[in-house]
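This report walks through one protein chain for a reader who meets it here for the first time. Please keep the sequence and the structure in view while reading.

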Amino acid sequence: SYPVNGRWGVGTTTAKGPIDCSGKRVISFSGDQRSDSNGGVSGLRNKTVQQVGTSDYRVTDVFANGQVSNGRVSYTLSIKDNDHVVLSGQTGTLKLQRCR
């Protein structure tokens, strides 16, 4: 399963603590499921998580939708602290902060 859980909103603040995620893009991690409020794929399932550093993980998720039956997406998930994570992959970088 994922090395983080809960709801995370896109944001660039470095302030400590959770943020109000109303109106923000939200990525949720729960067990081996991930969802993205702004993604073309409503739900993804974790396939692999490999720790590649002290707080960095190489993650591969699988998904299916009307056009793709066995899609895969890989990215690096970096845990900065208890309230901040960064997702880096082919489509760019997302800075996330824990939601209230």
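In this predicted model, the largest pocket has a lining of 21 residues, and those that lie nearest its centre are Arg 25, Arg 34, Asp 36, Val 73 and Thr 91. The space inside the largest pocket comes to about 430 Å³.

Which elements give two or more residues to the lining of the largest pocket? They are strand 3, strand 6, strand 7 and strand 8, whose residue ranges are set out in the table.

| Element giving two or more residues to the lining | Residues |
|---|---|
| strand 3 | residues 33-36 |
| strand 6 | residues 71-81 |
| strand 7 | residues 84-89 |
| strand 8 | residues 92-98 |

Of the elements, strand 6 gives the most to this lining, with four residues.

Along its principal axes, the C-alpha trace spans about 40 × 35 × 25 Å. Buried residues account for 34% of the 100 residues in the chain, and, among contacts between residues at least 6 apart in sequence, 41% join residues at least 24 apart.

A pair of aromatic rings is described by the distance of the centres and the angle of the planes. The count of aromatic pairs in this model comes to one, and it is formed by Tyr 2 and Phe 29, whose rings are 5.0 Å apart centre to centre, with 70° between the planes. This pair counts as edge-to-face because the angle of 70° is over the cut-off of 60 degrees.

Where in the chain do Tyr 2 and Phe 29 lie? Tyr 2 is in the segment before strand 1 (6-10), whereas Phe 29 is in strand 2 (residues 26-30), so the pair links distant parts of the chain, 27 residues apart. Tyr 2 has a relative accessible area of 6% and is therefore buried, since buried means under 20%. Phe 29 likewise counts as buried, because its relative accessibility is 2%.

Definitions and conventions:
Residues are numbered from 1 along each chain as its sequence is written. This is a predicted model: local features need pLDDT of at least 70, side-chain atom pairs count only at pLDDT 80 or more; totals for chains, interfaces and linings use all residues. Side-chain values use heavy atoms; hydrogens and water are left out. On a 1 Å grid over the protein atoms alone, a cavity is a set of points where a 1.4 Å probe fits but cannot get out, and a pocket is an open set with protein on both sides within 12 Å along at least five of seven lines; lining residues have an atom within 4 Å of a point. Grid points are joined across faces, edges and corners, and a volume is the space filled by probe spheres set on the points. Rings of Phe, Tyr and Trp (its six-membered ring) pair if their centres lie within 6.5 Å; planes under 30 degrees apart count as stacked, over 60 as edge-to-face and the rest as tilted. Buried means under 20% relative accessible area, exposed over 50%, partly exposed in between (1.4 Å probe, protein chains only). Contact means heavy atoms within 4.5 Å.
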